[in-house]
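Hi everyone, thanks for coming. Let me put today's protein up on the screen, and then we can walk through it together.

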Amino acid sequence: MSNETRNGRTTGATILGIALVVPLLVSTAMTAAPSGAPAPIEPGVLEQLERGPQATFWVVMTDQADLAEAVAIEDWNERGQWVFDRLRTVADAGQADVLEVLDRYGATYQSFWIVSAVRLTGDRNLVEELSRHPRVVRVADQRSFTVPDPGFVIDGDTADGVEWNIALIRAPEVWSTFGMTGEGIVVANIDTGVQFDHPAVVAQYRGNLGGAGFEHEYNWFDPSSVCGTPSLAPCDNHGHGTHTMGTMVGDDLGSNRIGVAPGARWIAAKGCETNSCSDAALLASAEWILAPTDLDGNNPRPDLRPHVVNNSWGGGGGGDWYMGFVDAWIAAGIFPQFSNGNSGPACGTAGSPGDYPQSYSAGAFANGGAVASFSSRGPSAFAGETKPNVSAPGVAIRSSVPTDGYAFASGTSMASPHVAGTVALVWSAAPGLIGDIAWTR
């Protein structure tokens, strides 16, 4: 399913479609209508129609890809291609009849495959017709997620060696014992972007070709074109993404040693336009993580997907919107790391998607070991799952920020990249574990 124009309207079938849509709709078992009954229409869609003649919403398809066979595929490239092909095949077949309806209405829409779903704008008649369509399991409202305010405190001084948080989790012992600092592993974040030429992360950028300059194709994705139209190079208009990336891999080869796995390479998707993250951008980014594309969003390459993806964003607990995306990443062997949320200290405050049983989420503690008061606690809203899965340093964490600077920040957003970087170290030192999510957990 490639980008194309229908009735003179562009339909952006992004790489991320399938995975993101599943959460949107999933769990299908929980939300599907009884056989023969109309698919449920979420209240937010109806509220939009009460305010005006049209609504922007999602339709999630009944048919979703079964990816269970992927775990048995040992070859990294073959596994990624199989998952990608399976997702695209199921989405193409399952959406065909629905797209005919949308073309008949002249509707503007975007088709996704990571979870088979379509984002569109239409009137009440179209909403009701789609809810009765046998291929549609759910008519879902738009969603947005947030990047928590980390309270940046700009640091004008230069550190002297390894930061306390990196030393505390004993990353330097891994470097010295195994002689590995993340080599051979690619990490990614879905965040506010990254200042790609920041001294602490530029050497680790997969698009850095050394003396030949930079190649941003397959290494950078900006679905909302925040960094330019077209968006040809990474930027960060907020700072959050540069900070989380620095904690994963940052090292300026001098006195600023801020990252857990400075030998790993990184790529990035700007799923958060500012401090908020639209559902369309997050879904597109989820697809891109599974199969990076060129700068035009074409020619997907699942062989170039990252090994680990950090997600330091989220919303309230119990929301299943992103669940299908996480499942697709896991099927492709990508480790799904999330922050657990900053709504503590009360119990039952773990946020989604970190509270999913299949997500791996991080809480935050301070230097000295005390759990941060803001760090969200479990249990998860999903079957009482214990959350967070692990805690990491997340108070007064010094890392990179635009432009070429450093700042202290606090939050489970800061804790999560410690875990993503740790997975990179584990997989670098023990490559037999690459893609084995269960054993890695």
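Predicted model: local features only at pLDDT ≥ 70, side-chain atom pairs only at ≥ 80, totals over all residues.

Residues are numbered from 1 along each chain as its sequence is written, and side-chain values use heavy atoms, leaving out hydrogens and water.

So, the overall picture. The protein has 12 helices and 20 strands; these are DSSP runs numbered from the N terminus, with helices being H or I of at least four residues and strands E of at least two. Its radius of gyration is 21 Å, close to the 22 Å from the globule rule for 441 residues, so it is as compact as a globular protein of that length. That radius is taken over C-alpha atoms, and the rule is 2.2 Å times the number of residues to the power 0.38. Of the 441 residues, 57% count as buried, meaning under 20% relative accessible area with a 1.4 Å probe, protein chains only.

Now the sheet. Three strands make an open, antiparallel sheet in the order β8-β20-β19, where pairing requires at least two DSSP bridges between two strands. At the edges sit β8 (153–155) and β19 (397–401), each pairing on one side only. Between β19 and β20 (residues 405–409) there are five bridges, and Ser-400 stands opposite Tyr-406 in β20.

What packs on this sheet? Helix α8 (residues 240–249) does, touching both β19 and β20, and its direction makes about 115° with that of β19. Contact here means heavy atoms within 4.5 Å, and angles run from 0 to 180 degrees between N-to-C directions, with axes fitted to C-alpha atoms, for helices over the stretch in contact.

The residues in contact include His-243 and Thr-247 of α8, and Met-414 and Pro-417 of α11. By class, this contact has four nonpolar, seven polar and no charged residues; Ala, Val, Leu, Ile, Met, Phe, Trp, Tyr, Cys and Pro count as nonpolar, Asp, Glu, Lys and Arg as charged, and the others, Gly among them, as polar.

Technical notes:
Buried < 20%, exposed > 50% of the residue type's maximum accessible area, 1.4 Å probe, protein only.
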